[in-house]
Amino acid sequence: MAELECAHALIGGDWTESPGPAIPVIDPYHEEMIGEVAESGLDLVDRAVAAATQAQPGWAGRDVDERARLLEGVAVLLDRDRERMAELVGREMGMPVGLARVTQAELPAAVLRTTADLARQFPWSTRIDGAVVHRCPAGVVAAITPWNMPVHQIVAKVAAALAAGCPVVLKPSEQTPFDANALVKLFIEAGCPPGVLNTVTGTGAVTGTALAGHPGLGHVSFTGSVAAGRTVAGLAARTLTRSTLELGGKSPAIILPDADLATAVAGAVAGGLVNSGQACNATTRMLVPAHLIGEVLPLVKDEVENYVLGAPADPATRQGPLASARQRDRVLAYISSAVKAGGTLVTGSAEPSEVSAHGYFVDPAVITGLPENAEAIREEIFGPVIAIQAYSDIDDAVRIANDCDFGLSAEVWSADAEHAQVIAARLHAGQVKINGVRTRDRLAVPFGGMKNSGHGRELGTYGIEEFTELRAVLS
């Protein structure tokens, strides 16, 4: 399999070779190196922030419609290159091509267009009590993005920041640098001015740390783990830089007694196993009425065992390998720990999947009978593992759902949509989805969490607002 070119930094419109050590990028299906990414380090971070700072006045001074047209131009090019982008993501982190096409090409293109539309409608100036209150660009934005939904997460941050008039320094995950390079080239092709979008490459520990703590930033937007989020927030706080943190989740799917069980189980399983469970808002806890457990378990088992595991490039594949050997081993350790804690495996195994002679595969696992303090109930596994929890009544379901350190997302399944709304209002989550609606169907709706799931919001006008400051002019 052909290797990809080494991923370099883009600074002030010029591709720049990073002087740091080369980091191999591994294809998780073939278990082969497909290219390298270099560690940018502090010097290139300084240069990237300086280039963005120089570009800021010109970009902030552009008409909003002009900024919006850039986003729309990138969307057209992303539509054109959607197959190439899906292939890149599949090779980098194992996402099946069908899912990658939808979530890492078509969805980001839709986010670009939606953000452009909303930027034109955004209340950049409002009159309050005889004063004019302006929404002003916050300054240079650091966007630090993850490997699990790589293109979507880049676009969610970059589109909103550019719409707000802020230049960006992007640090993509070192596991998925090639899709980031491909996307940035589309911005250049669409006419993005030099310095408005810059990239630095490398690890979070080195380049990410240098970027998050840089004194020249106006805002830091980070998506990743809780531990890394705390580090980023601490680094940003040293320079009093505001931050947006989109962190982990342990999202519940509450199946109410009146729900159609077959529909609810299929939807909840799909939400829990999406992207091999490597999604921050995956519904990895299924809450079921205790008297219906006997009916639900066979439905869950049948649904999960119908998943097709295989090569990311195969259109028939529904679940690809996990993104790395480390991730596979971590997930298997959680499954083993859950069994030792008294859980029963409805389906799945604590051993590597034998679906392929190679690849970091884990068979999707469903576990029941765990105590509420078990690791598999309380911690984000980030793999294809669903825990089923029984509840006695509605109050107990709400209690179990909220008894969690995270608060990113939740689902409610019911035949009575109004009743589901009442339950949703009691849940401690940044998003609650009723009867299977998906985030990608509601692009103007804010996305973000409570508690250990972070703070701030992405998408819609709320995402643009994150990258603005208020200026009140009194007369």
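**Close-ups of a predicted model**

**View 1. Helix 9 and its buried residues.** In helix 9, the residues that count as buried are Leu261, Ala264, Val265, Gly267, Ala268, Val269, Gly271, Gly272 and Leu273. Keep in mind that this is a predicted model. As for its length, helix 9 has 13 residues and runs 18 Å from first C-alpha to last, close to the 18 Å expected at 1.5 Å a residue.

**View 2. Helix 9 meets helix 10.** Here we zoom in on one of those partners. The axes of helix 9 (residues 261-273) and helix 10 (residues 293-305) come within 10 Å and cross at roughly 50 degrees. That angle makes helix 9 oblique to helix 10, and the crossing is right-handed. On the helix 9 side, the contact is made by Leu261, Ala262, Val265, Ala266, Val269 and Leu273, and on the helix 10 side by Glu295, Val296, Leu299, Val300, Glu303 and Val304. Sort the residues of this contact by class and you get 10 nonpolar, no polar and 2 charged. A helix has 3.6 residues a turn, so residues three or four places apart point the same way.

View 3. Asparagine 275 sits in the loop between helix 9 and strand 13 and is buried, with a relative accessible area of 4%. What does asparagine 275 touch, leaving aside residues up to four places away in sequence? The list is Met93, Met95, Leu99, Asn148 and Met149. Serine 276 lies in the loop between helix 9 and strand 13 (285-289), and has a positive phi of about 60 degrees despite not being a glycine. With 2% relative accessibility, serine 276 counts as buried.

**View 4. Helix 2 and the helices around it.** Now over to helix 2 (residues 64-80), whose 17 residues should span 24 Å at 1.5 Å a residue; the end C-alpha atoms are 25 Å apart, which agrees. Which residues of helix 2 are buried? They are Val64, Arg67, Ala68, Leu70, Leu71, Val74, Ala75, Leu77 and Leu78. These buried residues pack against helix 1 (41-60), helix 3 (82-93), helix 4 (97-121), helix 5 (150-163) and helix 6 (177-189). The next two views pick out helix 4 and helix 5 from that set.

**View 5. Helix 2 against helix 4.** Helix 2 and helix 4 pack at an angle of about 165 degrees, and their axes are 8 Å apart. That makes helix 2 roughly antiparallel to helix 4, and helix 2 passes helix 4 in a left-handed crossing. From helix 2 come Val64, Asp65, Ala68, Arg69, Leu71, Glu72, Val74, Ala75, Val76, Leu78 and Asp79; they meet Ala105, Pro108, Ala109, Leu112, Arg113, Thr115, Ala116, Asp117, Ala119 and Arg120 of helix 4. By class, the contact of helix 2 with helix 4 divides into 13 nonpolar, 1 polar and 7 charged residues.

**View 6. Helix 2 against helix 5.** For this pair, the packing angle is about 155 degrees and the axes of helix 2 and helix 5 are 9 Å apart. That makes helix 2 roughly antiparallel to helix 5. Arg67, Leu70 and Leu71 of helix 2 meet Ala159, Leu162 and Ala163 of helix 5. The class count for the contact of helix 2 with helix 5 is 5 nonpolar, no polar and 1 charged.

View 7. Glutamate 31 sits in the loop between strand 3 (22-27) and strand 4. Although not a glycine, glutamate 31 has a positive phi of about 55 degrees. Buried, partly exposed or exposed: where does glutamate 31 fall? Glutamate 31 is partly exposed, with a relative accessible area of 37%. Isoleucine 34 has its place in strand 4 (residues 32-38), and at 1% relative accessibility isoleucine 34 counts as buried. Between isoleucine 34 and alanine 86 there are 52 residues in sequence and 16 Å in space, going C-alpha to C-alpha.

Technical notes
Residues are numbered from 1 along each chain as its sequence is written. This is a predicted model: local features need pLDDT of at least 70, side-chain atom pairs count only at pLDDT 80 or more; totals for chains, interfaces and linings use all residues. Side-chain values use heavy atoms; hydrogens and water are left out. Axes are lines fitted to C-alpha atoms, for helices over the stretch in contact, and angles run from 0 to 180 degrees between N-to-C directions. Helices (H or I, at least four residues) and strands (E, at least two) are DSSP runs, numbered from the N terminus. Angles under 35 degrees count as roughly parallel, over 145 as roughly antiparallel, 65 to 115 as roughly perpendicular and the rest as oblique. A crossing is left-handed if the near helix is turned anticlockwise from the far one by less than a right angle, and right-handed if clockwise. Contact means heavy atoms within 4.5 Å. Ala, Val, Leu, Ile, Met, Phe, Trp, Tyr, Cys and Pro count as nonpolar, Asp, Glu, Lys and Arg as charged, and the others, Gly among them, as polar. The expected span of a helix is 1.5 Å times one less than its number of residues. Buried means under 20% relative accessible area, exposed over 50%, partly exposed in between (1.4 Å probe, protein chains only).
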